[in-house]
Amino acid sequence: PNAFAGNDTAMCEGDSVLLSASGGDNYSWIPKNTLQNANSSTPTAFPPSTETYIVEVTDNQNCKNTDTVLVAVSPVPFFDAGADKTIICGDSVQLNTTQIPSATYSWHPMNNISDYNIFNPMVYPINSGYYIAKLSTIEGCDVKDSLFINVNEMLVNAGEDTSICKGAAIVLGANPTAAAG
């Protein structure tokens, strides 16, 4: 038989990948300890590190042949969306995740944000809430983390109450203060 174990592939550490062999009637894969359904043409592989799998293909005349497929395992990168933040309503804040070369980023929610596809966008939240950052590496690893932005209301203190006589003038001043929270 013309055994074919499929094309070499890559996966992220902790994930699994479906292998696919062809060329015969019966299939036997090794090593079996990191495979589910090792005697099928389409086992699921969950290697903890890069592994070469060998498939033995048998046809209807009991002729055998083998082929190999490499499953490259990429480590999950360290990823941190940053510390929780507290701001006053109307303020903005810059987010700053772990920067990983050649990775792509996406932030949610996507409103009130300068650019939701960069590692360090400016956000202009009007309500408190979570911002979720997703990192995707070129090796195919997706990692998520989040941070909470607490948006405090702005209170205005117009100063002490003052009595004046009719026709008199007074200078008023106000001081914005953040609400406790």
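When I say contact, I mean heavy atoms within 4.5 Å. One thing to keep in mind from the start: this is a predicted model.

Let me begin with valine 55. Leaving out neighbours within four places in sequence, valine 55 is in contact with Ala5, Ala21, Tyr27, Ser28, Trp29, Asn65, Thr66 and Asp67. Valine 55 sits in strand β6, which covers residues 51–58. Is valine 55 buried or exposed? Its relative accessible area is 0%, and the cut-off for buried is under 20%, so valine 55 counts as buried. For a sense of distance, take asparagine 112, which is 57 residues from valine 55 along the chain. The C-alpha atoms of these two residues are separated by 52 Å.

Now the sheet around that strand. Which strands form it, and in what order? There are four, running β1-β7-β6-β3 in an open sheet with mixed pairing. At the edges are β1, residues 9–12, and β3, residues 26–30, each of which pairs on one side only. On average, neighbouring strands here are turned by 30° against each other, with direction ignored. Two of the contacts of valine 55 that I listed, Tyr27 and Ser28, fall in the range of β3, residues 26–30. Asn65, Thr66 and Asp67, also among its contacts, fall within β7, residues 64–74. β6 and β7 pair in the antiparallel sense, over eight bridges. As one example of a bridge partner, threonine 58 has lysine 64 in β7.

Next, a loop residue. Threonine 34 lies in the loop between β3 and β4, the latter being residues 35–36. Threonine 34 is buried too, with a relative accessible area of 9%. Not counting residues up to four places away in sequence, threonine 34 touches Thr44, Ala45, Phe46, Pro47, Pro48 and Tyr53. Of these, Tyr53 belongs to the residue range of β6, 51–58.

On to the aromatic residues. How many aromatic pairs does the structure hold? Three, and I will describe two of them. A pair of aromatic rings is described by the distance of the centres and the angle of the planes. For phenylalanine 79 and tyrosine 105, the ring centres are 6.5 Å apart and the planes are at 40°, so the pair is tilted. Phenylalanine 79 is buried at 8% relative accessible area, and tyrosine 105 is buried at 8%.

Tyrosine 105 also pairs with phenylalanine 119; that pair is tilted, at 6.1 Å centre to centre and 50° between the planes. Phenylalanine 119 is in the loop between β10 and β11 (122–123) while tyrosine 105 is in β10, so the pair ties together parts 14 residues apart in sequence. Phenylalanine 119 is buried, with a relative accessible area of 18%. Taken together, ring pairs link Phe79, Tyr105 and Phe119 into a cluster.

Last, serine 106, also in β10, residues 104–108. Serine 106 is buried, with a relative accessible area of 18%. Beyond four places in sequence, serine 106 is in contact with Tyr116, Asn117, Ile132, Ala133 and Lys134.

That is what I had.

Methods:
Residues numbered from 1 in each chain as written. Predicted model: local features only at pLDDT ≥ 70, side-chain atom pairs only at ≥ 80, totals over all residues. Heavy atoms only, no water. Helix = DSSP H or I, 4+ residues; strand = E, 2+ residues; numbered from the N terminus. Buried < 20%, exposed > 50% of the residue type's maximum accessible area, 1.4 Å probe, protein only. Pairing = 2+ DSSP bridges. Axes fitted to C-alpha atoms, helices over the stretch in contact; angles between N-to-C directions. Phe/Tyr/Trp six-rings, centres within 6.5 Å; stacked < 30°, edge-to-face > 60°.
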